[in-house]
Amino acid sequence: MEYGPLFVTLMGVGTVFFGLICIIFLTMIMGAVMKSTAKKPAPAAASAAAAPAPAPKPQGMQPEIVAAITAALSEEIGIPSNGINIVNIKKI
């Protein structure tokens, strides 16, 4: 039995949409399970007295941003990233 191109296309598209719908339902189920197992927050009055002071904001660039800039620069100039020493980064 020979299948036409339209049948093959429709079966492929149908399979993809069925898979996507399954993924949606699985993520909804996993979200419900995670919400039910999450710890309940303590009352605000009790936690405010016991909570430590918030950590200060770090000064300068975040390490992830520096790593991304280093990777892009090393790719552009063709030098390995361990051969580059970035001393200062200024926002333009």
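## Overall fold

Helices (H or I, at least four residues) and strands (E, at least two) are DSSP runs, numbered from the N terminus. By that definition the protein has three helices and zero strands, in the order α-α-α along the sequence. This is a predicted model, in which local features need pLDDT of at least 70, side-chain atom pairs count only at pLDDT 80 or more, and totals for chains, interfaces and linings use all residues. Residues are numbered from 1 along each chain as its sequence is written, and side-chain values use heavy atoms, with hydrogens and water left out.

Of the 92 residues of the protein, 2% are buried. The accessible surface (Shrake-Rupley method, 1.4 Å probe; for residues, only the protein chains shown count as cover) is about 8,800 Å², and carbon and sulfur atoms account for 71% of this area.

Helix α1 covers residues 5–37, which is 33 residues. From first C-alpha to last it reaches 48 Å, close to the expected 48 Å at 1.5 Å a residue; the expected span is 1.5 Å times one less than the number of residues.

## The aromatic pair

The structure holds one aromatic pair. The ring centres of Y3 and F7 are 4.8 Å apart and the planes are at 20 degrees, so the pair is stacked. Rings of Phe, Tyr and Trp (its six-membered ring) pair if their centres lie within 6.5 Å; planes under 30 degrees apart are stacked, over 60 edge-to-face, and the rest tilted. F7 has 39% relative accessibility and therefore counts as partly exposed.

## Helix α3 and its surroundings

Helix α3 has 15 residues and reaches 21 Å between its first and last C-alpha, close to the 21 Å expected at 1.5 Å a residue. T70 lies in this helix and, at 13% relative accessibility, counts as buried. A polar atom of the T70 side chain lies 2.7 Å from the backbone oxygen of V66.

Just after α3, G78 takes a positive phi of about 80 degrees. P80 lies in the segment after α3 (63–77) and counts as exposed because its relative accessibility is 53%. P80 and T70 are 10 residues apart along the chain, with their C-alpha atoms separated by 9.5 Å.

M61 lies in the loop between α2 (44–50) and α3. Its relative accessibility is 39%, so M61 counts as partly exposed. M61 and K90 are 29 residues apart in sequence, and 9.5 Å apart in space from C-alpha to C-alpha.

Definitions and conventions. Buried means under 20% relative accessible area, exposed over 50%, partly exposed in between (1.4 Å probe, protein chains only). A polar contact is a pair of N or O atoms within 3.5 Å; within protein, one must be able to donate a hydrogen and the other to accept it, and residues adjacent in sequence count only if both atoms are side-chain atoms.
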